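This report describes one protein model, from its overall make-up to single elements. The sequence and the structure are shown first.

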Amino acid sequence: MRGLSSMSTGEWKANMTHLLEFRNVSKIFSRGIVHKDVTVAVDDVSFSIEAEDPGIISLAGESGSGKTTLGLMVLGFLKTTEGDVLYKGNNVAHLPKQEKKNFRREVQAVFQDPFAVYNPFYRVDHLMDVPMKKFNLAASKTEGQELIEKALNTVGLRPQEILGRFPHQLSGGQRQRLVVARALLLQPQLLVADEPVSMVDASLRATILKSLNSLNRDFGIPILYITHDLTTAYHISDYIIILYLGSVMEAGDVDSVIKNPQHPYTQLLVDSIPWPDLQRKWGEQELIVPENGGGAPKAGCKFAPRCPHVMSECRQHIPSFYQVSASRVAACHLYKDAAMMPKKDLGTLFTTKPPSQPSGN
Ligand code: SF4
């Protein structure tokens with residue numbers, strides 16, 4: 001396992017500067033003046049990504065889980081309500097001018113809709129040229145051209161087919177790969193990919209995921225992969241954080257979490273994946289639709305209104321993080337006999353390398 005480290009198994013990497021760190025981050029949106037309509041999109045979330053030997057980390061959950069809000073805060077497009085987002089130890093909300101410019105180059109994004117990213121009046125050449133000039137990436141025009149062609153080739157696009165064309169003349173898959181190539185051109189140190197394959201058909205999905213995978217394996221670029229789709233998360237990532245209504249429900253290495261989910265919410269999500277396994281009964285768990293439409297209850301576990309295992313204490317107390325296996329935690333009272341990780345230490349949750357997993361765990 002690489003990059004995102006997990007669990008309190010002992011050896012903290014004290015005093016380490018993370019590539020990215022979320023420190024007790026909350027984001028609250030409020031609307032209205034007299035009657036405030038308040039939505040807690042992200043609720044006291046902490047995790048970190050290391051610069052060394054980075055992996056692919058999925059932030060997964062249903063819509064409304066807070067995953068996209070988290071991604072926007074990583075990119076500095078949204079400010080936190082509480083807590084800090086740190087990039088290389090610096091708060092992204094208060095970066096000095098030069099650091100901000102570096103941050104804009106080093107942290108790149110791939111969004112869901114590749115068409116919305118481009119100005120339709122500019123040809124692909126211009127779209128690739130703009131960041132090249134803005135960040136002085138090449139010493140000459142020839143070098144610039146070489147870098148552009150190299151980036152296109154890396155994501156499986158043929159420069160002679162792409163350059164000189166307008167975005168609307170490209171297929172959805174070509175456009176999305178072009179976004180990845182443009183990000184690669186800037187030699188990012190972190191890539192935030194928010195539902196990058198949800199608008200392309202199945203045949204292109206594999207190609208784009210392969211491109212992202214290669215950015216991580218071949219170029220060592222850590223990727224924060226934001227998705228509602230556990231299948232792609234399982235295939236592409238090393239680690240996963242399962243979010244529900246802005247809170248972390250379960251987190252750890254992706255193999256353990258998906259193959260043997262421990263949190264009832266993760267179990268429900270995994271149970272709804274149509275795996276090609278004839279022995280497996282699909283959708284065995286009953287999907288409970290809460291009366292309040294799925295909003296967080298006033299007290300206790302946020303998942304209680306939907307949980308098939310709900311107990312009386314679930315409605316009164318917010319569950320802590322329990323170490324349900326060597327490399328992950330679940331926020332659930334069902335595991336109250338396991339070792340607990342205090343919430344204040346959540347920032348250290350991902351600061352140790354997980355030990356190797358016993359098979360089937
Ligand atoms: Fe279900 Fe209780 Fe666990 Fe919440 S704490 S997931 S309600 S068992």
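Predicted model: local features only at pLDDT ≥ 70, side-chain atom pairs only at ≥ 80, totals over all residues.

Residues are numbered from 1 along each chain as its sequence is written.

The protein has 11 helices and 13 strands; these are DSSP runs numbered from the N terminus, with helices (H or I) of at least four residues and strands (E) of at least two. Of the 361 residues, 43% are buried. A residue counts as buried if 20 or more other C-beta atoms lie within 10 Å of its own, as exposed if 12 or fewer do, and as partly exposed in between, with C-beta atoms placed from the backbone. Among the contacts with a separation of 6 or more, 66% are made by residues 24 or more positions apart; two residues are in contact if their C-beta atoms, placed from the backbone, lie within 7 Å.

Four strands form an open sheet in the order 2-1-4-5, with antiparallel pairing. Strand 2 (37–49) and strand 5 (90–91) are the edges, each with a single partner strand, so one side of each has no neighbour in the sheet. Strands pair if DSSP finds at least two bridges between them. Within this sheet, Phe-22 stands opposite Phe-47 in strand 2.

Strand 3 (residues 56–60) is largely enclosed by the rest of the structure, because five of its five residues are buried. Ile-56, Ser-58 and Ala-60 cover one side, and Ile-57 and Leu-59 the other. Ala-60 is opposite Thr-227 in strand 8, and the bridge partner of Leu-59 in strand 9 is Ile-241. Three of the strand pairings are set out here.

| Strand pair | Sense | Bridges |
|---|---|---|
| Strand 1 (residues 20–31) and strand 2 | antiparallel | nine bridges |
| Strand 3 and strand 8 (residues 223–227) | parallel | five bridges |
| Strand 3 and strand 9 | parallel | four bridges |

The axes of helix 7 (residues 172–185) and helix 8 (residues 202–219) come within 10 Å and cross at roughly 5°. Axes are lines fitted to C-alpha atoms, for helices over the stretch in contact, and angles run from 0 to 180 degrees between N-to-C directions. The two helices are therefore roughly parallel to each other, a term for angles under 35 degrees. Residues of helix 7 including Gly-172, Arg-177 and Leu-184 meet residues of helix 8 including Leu-204, Ser-211 and Leu-215. By class, this contact has six nonpolar, five polar and one charged residues. Ala, Val, Leu, Ile, Met, Phe, Trp, Tyr, Cys and Pro count as nonpolar, Asp, Glu, Lys and Arg as charged, and the others, Gly among them, as polar.

Helix 11 (264–271) is mostly covered, with six of its eight residues buried. These are Pro-264, Tyr-265, Thr-266, Leu-268, Leu-269 and Val-270. They pack against helix 9 (230–236), strand 9 (239–244), strand 10 (247–253) and helix 10 (254–259).

Around the ligand there are 13 residues, of which Cys-301, Ala-304, Cys-307, Cys-314 and Cys-332 come nearest. A residue is near a molecule if its C-beta atom, placed from the backbone, lies within 6 Å of it. The shell divides into 11 nonpolar, two polar and no charged residues.

Val-310 lies in the loop between helix 11 and strand 11 (321–325). Val-310 is partly exposed, because 17 other C-beta atoms lie within 10 Å. Val-310 and Leu-334, 24 residues apart in sequence, are 9.1 Å apart in space, C-alpha to C-alpha.

Note on methods
Parallel < 35°, antiparallel > 145°, perpendicular 65-115°, else oblique.
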